[in-house]
Amino acid sequence: MKQLQSRAKGRLRRYRQGTMLAVAITALLLMIGGQGGNVAAQEDTEPGILETVKVPESQGMALEESVETIRQLMATGYAFCPGF
């Protein structure tokens, strides 16, 4: 009986982990491509959508900026995970 319970708990744990991963990936995809429709048509109604991108002067600055962006995406993704 204990063996059956431990198997069931293991399956439930894997299911929960898979569910959390699916929710996190879905949230990440929505954050990346969440603006549906034609962005050019939205430019007239929402003037802050398209911003000028600043190009970093050195590779070190570019690396730091990319790492910070990834950290922000991960932190936001964790916020969408159930149980966190």
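This is a short talk on the fold and surface of one protein chain.

Okay, hi everyone. Before anything else, keep in mind that what you're looking at is a predicted model.

Let's start with the overall layout.

As for the surface, the accessible area of the protein chain is about 7600 Å², and carbon and sulfur atoms account for 60% of that.

Let's go to helix α1, which covers residues 2-33.

Which residues form the positive one? That's R7, R11, R13 and R14, which together make a positive surface patch. Take R11 as our example: this arginine sits in helix α1. Is R11 buried or exposed? R11 counts as exposed, because its relative accessibility is 55% and the cut-off for exposed is over 50%.

The other patch is nonpolar. L21, I25 and L29 make it, and it comes to about 300 Å². L29 is also in helix α1. With a relative accessibility of 56%, L29 is therefore classed as exposed too.

So, to recap from the surface side: we have a positive patch that includes R11, and a nonpolar patch that includes L29. Both of those residues lie in helix α1.

Note on methods. Residues numbered from 1 in each chain as written. Predicted model: local features only at pLDDT ≥ 70, side-chain atom pairs only at ≥ 80, totals over all residues. Heavy atoms only, no water. Patch = residues over 30% accessible without salt bridge, like charges linked within 9 Å, V, L, I, M, F, W, Y side chains within 5 Å. Areas by Shrake-Rupley, 256 points an atom, 1.4 Å probe, with all protein chains shown as cover. Salt bridge = Lys/Arg side-chain N within 4 Å of Asp/Glu carboxyl O. Lys, Arg positive; Asp, Glu negative; His and termini not counted. Charge placed at Lys NZ, Arg CZ, Asp CG, Glu CD. Helix = DSSP H or I, 4+ residues; strand = E, 2+ residues; numbered from the N terminus. Buried < 20%, exposed > 50% of the residue type's maximum accessible area, 1.4 Å probe, protein only.
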